[in-house]
Amino acid sequence: MVFLVLNDVQTSPFLWYFYSAIPRAMSSSLLLVPVGLWIDRRVQMLLFPCLGFVSLYSFLPHKELRFIIYVFPFLNVAAARACHYFWENRLKSTWRMLFALWMCVHLLVNLATTALLLNISRQNYPGGQAFKRLHEIEAYKDDVNVHIDVFCAETGVTRFGQTNPKWRYSKQEELHTKALIALNFTHLLVNARSEFSSNVKYFRHTHNVLTSVQSFSHLNFNYNSLFPINVRTKTSIVILKKKRKPAKVLHGEDTQHR
């Protein structure tokens with residue numbers, strides 16, 4: 001028997017695929033899809049079942065782009081049919097020439113949008129970046145026992161990143177601060193907004209901050225710059241390293257050396 005706990009799964013509104021996922025994936029080509037439907041009946045035969053497929057998947061509360069990725073080739077067929085129509089008739093009137101020029105411009109718009117979204121996407125996996133950073137910092141150490149919290153595990157930490165066979169990795173959930181300290185983890189990957197967050201301060205007597213990792217925060221518009229759209233990041237993960245215990249001084253050791 002399988003129990004699905006909906007409270008632990010992110011949900012989206014019913015129309016999320018139509019107003020968010022598909023527009024972001026299609027960019028400006030989405031404007032050409034209705035044109036392709038209107039000028040060619042064969043496109044309608046291809047596209048209507050796809051729209052029904054997306055509508056049925058919309059009843060599922062948990063939504064992801066990969067669930068409906070199969071419909072994008074058909075949406076692109078509709079957009080391509082519209083491009084072909086305007087290009088073939090570009091010499092018949094001034095308006096059609098302008099539409100043909102728009103076909104060329106919209107490809108550049110798609111390219112710019114793809115570059116922007118790619119830059120944002122690479123900032124959405126701070127867990128994987130922190131995992132890689134830890135392996136780079138402690139590359140020459142073998143006695144490493146690292147704990148990975150839930151946020152890090154959900155944002156890029158995988159078994160493919162466990163490149164050191166001598167290290168020990170733990171993803172045990174629901175461990176409190178005292179347990180994390182008592183279990184003698186040498187390193188901790190902790191979800192935190194900054195190095196001074198409350199959940200990081202709990203470890204200030206036992207751990208040092210090695211580094212922090214940024215993730216996507218928001219877009220900033222600067223119209224005085226050559227590239228007006230800037231991707232802003234924020235601290236999402238802090239890597240902690242356990243402090244070494246001070247060495248015990250034996251009684252009489254100083255006198256022996258003297």
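Phe59 counts as exposed, because its relative accessibility is 61% and the exposed class begins over 50%. This value, like those that follow, is computed from a predicted model.

**The nonpolar patch**

Phe59 lies in the loop that runs between H3 and helix H4 (72-88). The most is given by H3, which supplies three residues.

**The protein as a whole**

The secondary structure of the protein consists of ten helices and five strands. Its radius of gyration is 27 Å, whereas a compact globule of 258 residues would have a value near 18 Å. The C-alpha trace spans about 105 × 55 × 35 Å along the principal axes of the protein.

| Property of the protein | Value |
|---|---|
| Accessible surface | about 18,000 Å² |
| Share of the accessible surface belonging to carbon and sulfur atoms | 60% |
| Share of the 258 residues that count as buried | 30% |

Which helix gives the most to the nonpolar patch? That helix is H3, with three residues, and the loop holding Phe59 lies between H3 and H4.

Note on methods:
Residues are numbered from 1 along each chain as its sequence is written. This is a predicted model: local features need pLDDT of at least 70, side-chain atom pairs count only at pLDDT 80 or more; totals for chains, interfaces and linings use all residues. Side-chain values use heavy atoms; hydrogens and water are left out. Helices (H or I, at least four residues) and strands (E, at least two) are DSSP runs, numbered from the N terminus. Buried means under 20% relative accessible area, exposed over 50%, partly exposed in between (1.4 Å probe, protein chains only). The radius of gyration is taken over C-alpha atoms; the globule rule is 2.2 Å times the number of residues to the power 0.38. Accessible areas come from the Shrake-Rupley method with a 1.4 Å probe; for residues, only the protein chains shown count as cover.
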